[in-house]
Every structure is written in structure tokens, then in C-alpha cells.
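Biologist: Please show me the model, and then I will ask about its chains and how they meet.

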Amino acid sequence: MKRLIVNRVMNFLAGAAAGLVILPLVLVFGFLVYQGGSSLNLEFFTHMPKPVGEPGGGMANAIVGTLILIGLACCVGLPIGILGGLYLAEARDPRLPWVVRFLADVLNGVPSIVIGIFAYTLVVLPMRRFSALAGGLALGVIMIPIVLRTTEEIVRLVPASLREAGLALGLPNWKVTVRIVLVTARAGIVTGVMVAIARIAGETAPLLFTAFGNRFWHSGLDQPVAALALQVFAYAISPFDDWHRQAWAGALVLISMVFLVSLAARLATKGLQRQTR
Amino acid sequence: MIEAEAARGGAIQGPPLPRAFFLTARGGFWGDRIFQSVVYAAVGLFVLIMVGIVAALVTESMPAIRRFGFSFVAGQEWDPVKEAFGALPFIYGTLVSALVGMIIAVPLGIGAAIYLAELAPFWARSPIGFLIELLAAVPSVVYGLWGIFVLAPFLRNWIEPLLGKTLGFLPLFQGPPYGVGMLAAGLILSIMTVPFIATVSREVLLAVPNTQREAALALGATRWETTWVAVLRYGRSGLVGAVLLGLGRALGETMAVTMVIGNRPEIAVSLFAPGYTMASVLANEFTEATSDIYLSALVYIGLLLLGVTIIVNSAARLLVWSVGGTVKGIRE
């Protein structure tokens with residue numbers, strides 16, 4: 001009897017733990033919709049930030065800035081990540097790939113603010129100014145391990161018979177890799193890229209001293225640029241109620257972007273599973 | 001989680017494929033050679049970036065290392081005006097906030113993983129798993145915003161007075177309730193690390209062979225006894241790995257902690273008091289560093305942070321890899 005009671009109690013506790021884990025999601029999202037929804041309007045997407053004291057205004061420059069930074073990050077993260085993943089999946093030598101795989105996992109755990117310091121010393125110090133380039137580099141480095149490991153996974157799933165068919169037709173190896181292997185794996189690779197983008201879209205810490213933020217439209221890639229996450233941070237720690245409202249609205253936009261991309265990646269994975277089955 | 005699926009750790013299982021076509025090509029098509037060089041260049045660049053991160057931090061922190069040496073770690077004073085730099089308050093804040101976070105997150109995360117892997121009805125598993133993945137995808141700054149305006153006032157008005165009244169005899173729960181402080185930081189960290197711990201643990205539990213469960217059930221064990229004796233014990237090193245991965249996240253977490261910890265470089269026993277962490281001092285003071293030695297001292301803190309997270313993550317990785325041979329398909 002005692003064993004049955006223990007069983008009941010512990011099973012209930014496990015279920016309660018699952019409920020408690022999800023509770024913050026409900027609370028955070030609920031408050032975002034409640035607080036941010038009222039300040040969210042068309043103006044938010046089309047207008048610039050207003051000075052303190054003037055109500056209204058938007059974060060158009062920050063939204064564009066985030067897109068610019070994501071674009072720059074992709075220029076760094078995608079080639080290295082995809083080619084590196086291809087290497088891990090295809091290399092025969094057992095030692096070097098192990099090192100690369102380990103480094104990728106370590107890089108995945110390095111705090112993003114440390115990667116910000118790296119971009120600062122590499123780009124900001126020599127250029128003597130904060131810039132979109134530095135921010136893009138920092139975010140790109142964060143993307144690399146995610147893209148790299150997904151690509152490896154997916155490329156491994158490509159059946160060898162496909163490659164053999166290509167080779168039997170007399171195609172050079174590189175053409176088989178690019179035109180057959182990569183094309184077959186593209187849905188999975190795109191999923192990995194979207195996951196990486198969802199991760200970097202909300203990154204703030206590495207941008208603090210690279211992209212720096214900007215209250216105006218950006219005026220070139222070698223200049224500081226605004227980012228949605230940076231703006232939310234700056235407004236949240238400000239003492240003004242108007243700015244707090246803007247911060248909630250910005251956070252709502254940010255989290256909606258991240259959730260949509262995550263959902264798309266999830267659906268793409270589902271479709272992929274159905275295909276391979 | 002999705003990201004987890006992306007960054008899967010451990011040996012990849014499955015039948016060995018005939019591979020390495022393009023990397024073993026000799027002669028023949030010159031296009032192959034070019035393509036090989038491009039791939040090797042990308043891998044080389046990646047390794048170079050890793051080396052570069054360490055090199056950049058070491059060179060930039062060299063002036064501070066020369067001047068303060070190892071006593072930097074033990075110094076308690078942080079006064080940029082007097083050029084007195086000691087990292088102990090930050091190290092203390094990082095460790096304590098992470099510890100508080102872990103105390104809450106580990107039982108919840110593993111409990112949720114048990115529910116998802118062993119108990120939940122099948123139709124509910126995938127949606128709940130997805131919700132937990134979403135929780136991991138919420139940007140840090142959003143948690144911080146919520147922490148400032150919802151969590152901190154709630155702690156100040158309700159939880160901290162209550163804790164002070166009931167457990168006030170412990171030095172941990174003494175002093176005025178500020179709301180922002182170590183407790184708030186620990187709570188935010190627990191919310192942020194729990195999805196990682198839960199997802200990795202779930203993968204570990206799902207990888208435990210069913211024969212383990214069947215054997216225990218056949219001996220007359222209850223559902224819980226089966227989980228405790230046959231499943232958890234089998235996967236324990238993977239679970240430790242999951243907890244360490246969560247710890248790594250907690251140590252390096254920046255924005256949300258910066259927004260709720262109060263940012264005061266003092267060592268206080270009370271969890272109600274404001275503190276400071278290594279990551280948040282970087283976030284707050286890096287752009288304001290006026291002298292070279294100030295900046296160098298900050299980078300020194302970054303270097304220490306990098307060292308600690310590399311050690312924790314490598315240990316986690318090796319633990320997960322060590323069971324990777326017996327437990328199939330463990331993912332981060």
C-alpha cells in the first residue's frame with residue numbers, strides 16, 4: 001500500500017513539474033500580449049523613435065537594423081557552417097573531424113557576450129568605431145555551431161545510392177556533392193539555418209559593444225546600427241513610462257518573430273520526417 | 001528542442017556509409033581539387049575563429065594579468081576611479097545566482113523530463129515538448145523585461161516579506177526586500193535553464209532501452225519504482241551531463257540577469273541583496289571603460305568566464321559522449 005501511495009505521489013510530482021516548467025511561458029507571453037498589445041500599432045513598424053516625453057513613435061529603424069544584422073551574420077555563419085558540416089559528414093580521417101565537432105560544441109556553450117568581446121577586438125578596435133559589421137560578425141560566429149551540426153546530421157542521412165548514381169554517370173565528386181547531396185539535404189539545412197536565425201534574432205549581449213545601437217537610420221555598414229533587442233533593453237532600463245510601453249511592444253514583436261521562425265522550422269522538420277518515411 | 005536537434009552531441013549512430021568521395025579524390029577533375037580547398041578553407045577558418053577568440057581575450061587582458069596576476073580573482077574591491085580591480089564580487093555573484101537557479105531548475109527539469117518520457121499520454125508528449133522548446137527560444141532580453149516589471153515587484157511585495165517572516169532566522173533571507181537582487185536573478189536563471197535540462201534529460205530517458213523498464217515491471221515494480229531503479233539509474237551520467245549543460249548556460253547568461261540582479265559589486269549573504277555577475281559587469285561597463293587598464297580588467301573577467309564555461313561544457317560533452325556508446329542518440 002505504501003508503495004502505491006509513493007507511486008501516486010511521485011507521478012503527480014513529475015506532472016506538476018512539467019506544469020511548472022510551462023507556467024513561465026504562459027506568464028511571460030500573457031504579459032507581453034497584455035502590455036505590448038496596447039502600444040503596438042502601424043506606427044510602431046513605420047516610424048522612428050520619438051524623443052523622451054513625446055508619446056508615440058516606433059522602432060522602424062531597429063526592425064530594419066535587426067534584419068541587416070541577420071543578413072550580415074548569415075554571410076559569416078552560412079558558408080562556414082554548411083561547408084564545415086559537409087566536411088564533418090564526409091571526411092574519412094577519424095581524428096580531425098572529432099576535434100572540429102568538439103570545438104563546435106564548445107563554441108555553442110561559449111557565452112555570447114564573450115563572442116562580443118572577440119568581435120570588438122577584431123573589428124571595433126582597428127576601425128575605431130562601433131559598426132554593423134562587428135555586430136554581424138559576432139552573430140555570425142554564434143550561428144556557426146548550430147548550422148554546422150545540423151548540416152552534418154542531415155548530410156549523413158542522404159542515401160549513398162544517390163551519390164553512387166551520380167558518380168556512375170561520370171559526374172565529378174564536387175558536382176555530386178553540390179548538385180545531388182546538398183540539394184537532397186536542402187530542406188533540413190534550411191531548418192537548421194532558421195533555428196540559428198531564431199537564436200540570433202533575440203541576441204542582445206554581443207551587440208552592446210559591437211553594433212552599439214542607433215536612434216536613427218543606419219548610414220552604412222561601418223556605422224553603428226540599431227537592433228530590436230538592443231532597443232528593448234535600452235528602453236526597459238530607462239526611467240520613462242512611454243519608453244517602457246515601447247519596450248513591451250518591441251519585445252512582443254521580437255518574440256513573435258522568434259516564435260514564427262521556430263514554428264516554421266518545426267513544421268519543416270515534420271514534413272521532412274514524413275518524406276523520409 | 002529544435003536547437004538541440006540542430007546541435008546534437010555524441011557519436012552518430014547508423015550504418016556506416018561509404019563516404020569521403022570528394023575528400024579522397026586524386027587527380028581527375030580539377031574542380032574536385034578546388035572544391036576540396038574551399039571546404040578545407042572553411043574548416044580552417046572555423047578553427048581559426050576558435051583560436052582567435054581565446055587569443056583576442058588573452059592579448060587584450062594581458063595588461064591586467066601583468067598588473068594584478070592571480071590576486072585579481074581574490075580582490076574584493078572594484079573601483080575604476082582608484083584603478084582597484086578585484087573580480088571576487090562578480091565571481092561570487094555568478095556562482096551564487098547560478099546555484100540558486102540550479103537548485104530550482106534541476107528537480108523541475110528532470111521531473112518534467114520524467115513526465116514527458118515515461119508518464120504523459122502519447123498525444124500530449126509532442127505538444128508539451130514543443131512548448132518547452134519555445135521556452136528555450138524566448139530571447140534573454142524578453143525575460144529581463146518581464147523580470148523587471150513583473151517578477152521583481154512580485155518578489156518585493158509578496159515572496160520576500162513572506163520568506164523573511166517564515167525563514168528569517170536564516171541569514172539567507174534577511175534584510176530589506178528590494179525585489180531586484182540575487183533571488184530574482186536565480187529565479188530568472190532557473191526559468192531560462194529549465195528547458196535545456198528538461199529537453200536533454202528527456203532525450204537521455206527516451207534513449208534508455210525498453211528492456212530495462214520491462215524487466216523492472218515484470219518483477220512487480222510500480223511505475224515510479226521502474227523509473228527510479230531502472231530508468232534514472234541507467235541514464236544518470238547523461239542526466240549529469242544535462243545538468244552541466246544547463247549550468248554552463250546559467251554561468252554565461254547575461255541580459256536577463258543584468259536587468260534583475262541590481263548590479264552592485266558587493267558580497268552579501270542575503271539573497272534579497274543586490275549583486276553583480278561576471279557577464280553583467282561586462283554588459284554594463286564595457287562601453288564605459290575610460291582607461292586602458294579598466295578595459296583590460298573587464299576583458300580579464302571575460303577570459304575567466306570563458307575558461308569556466310569551456311571547462312563545464314567540455315565536462316558535460318564528455319559525460320554525454322561517454323554514454324553515447326550505450327545510449328543511442330543523445331542530443332543536446
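Predicted model: local features only at pLDDT ≥ 70, side-chain atom pairs only at ≥ 80, totals over all residues.

Modeller: Residues are numbered from 1 along each chain as its sequence is written, and chains are lettered from A and ligands numbered from 1 in the order in which they are written.

Biologist: Which helix gives the largest share of the side of chain A that touches chain B?

Modeller: Two residues are in contact if their C-beta atoms, placed from the backbone, lie within 7 Å. The contact takes 87 residues from chain B and 85 residues from chain A. Helices are DSSP runs of H or I with at least four residues, strands are runs of E with at least two, and both are numbered from the N terminus. The largest share on the chain A side, 18 residues, comes from residues 2–37, helix H1.

Biologist: How many helices and strands does chain A have?

Modeller: From the N terminus on, its elements run α-α-α-α-α-α-α-α-α-α-α. The count for chain A is therefore eleven helices and zero strands.

Biologist: Is B:Glu83 buried or exposed?

Modeller: B:Glu83 lies in the loop between strand E1 (78–79) and strand E2 (84–85) of chain B. A residue is buried if 20 or more other C-beta atoms, placed from the backbone, lie within 10 Å of its own, exposed if 12 or fewer, and partly exposed in between. Because B:Glu83 has 11 C-beta neighbours inside 10 Å, it counts as exposed.
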